[in-house]
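I opened my notebook to record what I could look up in this structure, entry by entry.

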Amino acid sequence: RTPRQSFMVRFDATTGAITAGAWVRTIAPPVMREPVTCCFDATPLTAWVACNDDKVHAIDLPTGTVHFTIGAFGGASGAFHRPAGIAFLNHEVFVCDLHNHRVQIFCAVSGRYLRKWGRRGGRSGRGHREFNLPWGICAAGGLLYITECANRRIQVITPGGVVVHTITLARAVQLGGISVDAAAGVVYVADAQKGQIHVLDRRGG
């Protein structure tokens, strides 16, 4: 499948009501199959789109042209077993490689594979910079916030790979997408299984 519509919608941050919204245009390059999540780089205006066919596309937003595509199914460096969350920070793109239990980092300019975080062999883990089903990722305040579906926690990590702190949510069931308001110090994280949004103090939950 390819997307048929693209919307820009503004929400009231307090009530959640839609205050304005309009269909803008469709971006549907033929190579894009079942897009699941995206992030963007404002300079140049590029969208990074993760898809269910284990590929990530860099797309020029003004024209819809695909700059390049990275990924294939597998466990080797640069391959994916269901890319999930994706984030852009400091000219690098960070991709949650869900079933390989790792986060892979690529150059935003060329798509070149740079490095990865996680245990060797794609095994799940519970230690620092180890993951068990990493799902959502968000860049805020120069840090990466990464949710883990199975470990029920958020790891806060520098782009260089240093774990700053960990937020554990014992009452959560299936942590997914995440967004951070760095100015307010608030973390919003989706819990798909419970049908809830957890609102947290980013310093410790």
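**Entry 1: confidence.** Strands here are DSSP runs of E with at least two residues, and they are numbered from the N terminus. I noted that this is a predicted model, in which local features need pLDDT of at least 70 and side-chain atom pairs count only at pLDDT 80 or more, while totals for chains, interfaces and linings use all residues. I also noted that residues are numbered from 1 along each chain as its sequence is written, and that side-chain values use heavy atoms, with hydrogens and water left out. The chain averages a pLDDT of 87, and 87% of its residues score at least 70. Over residues 1-11 the pLDDT stays under 50, and for this stretch the model has 37 contacts (heavy atoms within 4.5 Å) beyond four places in sequence.

Entry 2: I asked myself how many bridges join β4 to β5. I found that 6 bridges join strand β4 (residues 45-51) to β5, and that the two run antiparallel; for pairing, DSSP must find at least two bridges between two strands. Within this pair T46 stands opposite D60 in β5, and in the hairpin, which has 3 residues between the strands, D54 takes a positive phi near 65 degrees. On its other listed pairing, β5 is joined by 4 bridges to strand β6 (residues 66-70), again antiparallel, and H57 has T69 in β6 as its bridge partner. The hairpin of β5 and β6 has 5 residues between the strands, and there G64 takes a positive phi near 80 degrees. Strand β5 (residues 55-60) is mostly covered, as 5 of its 6 residues are buried (under 20% relative accessible area, with exposed over 50% and partly exposed in between, for a 1.4 Å probe and protein chains only).

**Entry 3: an open sheet.** I then looked up a sheet of 3 strands, which is open, has the order β15-β16-β17 and is paired antiparallel. Because β15 (175-181) and β17 (196-201) stand at the edges, each with a single partner strand, one side of each is left without a neighbour in the sheet. Strand β16 (residues 186-191) is joined to β17 by 6 bridges, and the bridge partner of V189 in β17 is H198.

Entry 4: Is E148 buried or exposed? It lies in strand β12 (residues 143-148), and E148 counts as buried because its relative accessible area is 0%. Its side chain makes a polar contact (N or O atoms within 3.5 Å, one able to donate a hydrogen and the other to accept it, with sequence-adjacent residues counting only if both atoms are side-chain atoms) of 2.4 Å with the side chain of R153. R126, in the loop between β10 (113-118) and β11 (134-140), counts as exposed because its relative accessibility is 61%. Leaving aside residues up to four places away in sequence, R126 touches N151 and R153, while E148 touches several residues, including R153. The side chains of R126 and N151 are joined by a polar contact of 2.8 Å.

Technical notes: pLDDT = per-residue confidence, 0-100.
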